[in-house]
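Hello,

Here is the structure I promised to pass on. Please open it alongside this email; my notes follow below.

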Amino acid sequence: MKEVKLLGLWYSPFCHRVEWALKVKGVKFEFIEENLQNKSPLLLESNPIHKKIPVLIHNGKSICESMVIVEYIDETFEVGTSFFHKSEKAKEKVCEMLKILDNELKDKKFFVGNKFGFADIAANFLALWMGILEEATGIILVTKEKYPNIYAWRDEYINGNKEYLPSRDELLAFFKARFQAATTPPYSN
């Protein structure tokens with residue numbers, strides 16, 4: 001079992017971004033709450049230059065900056081089939097986070113108002129990839145009825161950024177194949 005720790009603060013949106021990525025990938029991790037007024041030796045050792053959270057520690061290797069961490073998680077860990085196929089608790093956690101995001105988008109076209117910005121780019125997983133993963137697994141989390149603001153934002157994001165996004169059809173085919181391979185027994189007749 002690979003050791004994964006996340007140093008952070010429960011109220012930090014940057015830490016929650018990393019937590020979400022870990023949960024979506026089905027990665028088990030230890031969350032270590034930090035105190036920024038009294039930084040732990042582990043934080044100071046793991047991020048000696050900036051001394052900030054979040055910090056992901058994977059098998060003793062420290063990764064800093066939330067977007068860098070999310071990219072690392074995406075490249076390092078396979079999509080966890082437990083999230084999409086087995087774990088109701090993980091789905092509930094994701095739904096809690098989706099509710100928060102849906103509320104943040106209330107009465108707004110984008111996360112920071114009516115202008116597309118960095119926060120929207122940071123949430124791009126939710127825009128394209130989550131819908132593709134839902135379709136690939138058959139497990140639909142974001143519906144117009146349940147999360148109307150995210151649903152509208154997602155459509156706006158995709159329609160306004162098509163030229164910058166990878167092919168939806170190619171991504172869907174890729175993830176369907178991965179999920180099929182992950183759920184097919186290796187020695188089936």
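Leaving aside neighbours within four places in sequence, which residues is Phe-175 in contact with? They are Val-79, Trp-129, Ile-132, Leu-133 and Ala-136. Bear in mind throughout that this is a predicted model.

**Cores**

Phe-175 also features in the largest nonpolar core. That core has 31 residues. Phe-175 is among the members that touch the most others, together with Trp-20, Leu-98, Leu-126, Met-130, Ile-150, Trp-153. Five helices each supply at least two residues of this core: H1 (13–25), H5 (88–104), H7 (124–137), H8 (148–160) and H9 (168–183). The largest share comes from H7, with seven residues. There is also a second, separate core. This one has 12 residues, including Val-27, Leu-56, Ile-63 and Ile-69.

**Largest pocket**

The volume of the largest pocket is about 1300 Å³. Its lining counts 37 residues. Nearest the pocket centre lie Arg-17, Trp-20, Ala-122, Ala-123 and Phe-125. Which helix gives the most to the lining of the largest pocket? H1 does, with 10 residues. At least two lining residues each come from H1, helix H3 (66–76), H5, H6, H7 and H9.

**Helix H2 and Ser-46**

Ser-46 sits in helix H2, which spans residues 41–46. Is Ser-46 buried or exposed? Its relative accessible area is 8%. The cut-off for buried is under 20%, so Ser-46 counts as buried. A polar atom of the Ser-46 side chain lies 2.6 Å from the backbone oxygen of Leu-42. Not counting residues up to four places away in sequence, Ser-46 touches Leu-7, Val-55, Ile-57, Ser-62 and Cys-64.

Glu-45 is found in helix H2 too. Here the relative accessible area is 63%. Exposed means over 50%, so Glu-45 is exposed. Glu-45 and Glu-163 are 118 residues apart in sequence. Their C-alpha atoms are 42 Å apart in space.

**Backbone points to check**

- Ile-53 and Pro-54 are joined by a cis peptide bond, with omega about 0 degrees. Pro-54 is in the loop between H2 and strand E3 (55–58).
- Lys-51 is not a glycine, yet has a positive phi of about 55 degrees. Lys-51 is placed in the loop between H2 and E3. Its relative accessibility is 34%, so it counts as partly exposed.
- Asp-107 also has a positive phi, near 65 degrees, in a residue other than glycine. Asp-107 belongs to the loop between H5 and helix H6 (118–122). With a relative accessible area of 75%, Asp-107 is exposed.

**Helix H5**

Val-94 lies in helix H5. At a relative accessible area of 0%, Val-94 is buried. Val-94 and Val-24 are 70 residues apart in sequence. C-alpha to C-alpha, they are 7.8 Å apart in space.

Lys-91 is in helix H5 as well. How does a lysine there count, buried or exposed? Lys-91 has 15% relative accessibility. The limit for buried is under 20%, so Lys-91 counts as buried. The C-alpha atoms of Lys-91 and Pro-54 are separated by 23 Å. Along the chain, these two are 37 residues apart.

**Cysteines**

Cys-64 has a relative accessible area of 21% and is partly exposed. Cys-95 is buried, with a relative accessible area of 16%. Cys-64 is also one of the residues that Ser-46 touches.

Over to you.

Best wishes

Methods:
Residues numbered from 1 in each chain as written. Predicted model: local features only at pLDDT ≥ 70, side-chain atom pairs only at ≥ 80, totals over all residues. Heavy atoms only, no water. Helix = DSSP H or I, 4+ residues; strand = E, 2+ residues; numbered from the N terminus. Buried < 20%, exposed > 50% of the residue type's maximum accessible area, 1.4 Å probe, protein only. Polar contact = N/O pair within 3.5 Å; in protein donor to acceptor, adjacent residues only side chain to side chain. Contact = heavy atoms within 4.5 Å. Core = buried A, V, L, I, M, F, W, Y, C linked by side-chain atoms within 4.5 Å. 1 Å grid on protein atoms, 1.4 Å probe; cavity = no way out; pocket = protein on both sides within 12 Å on 5 of 7 lines; lining within 4 Å. Points joined across faces, edges and corners; volume = space filled by probe spheres on them.
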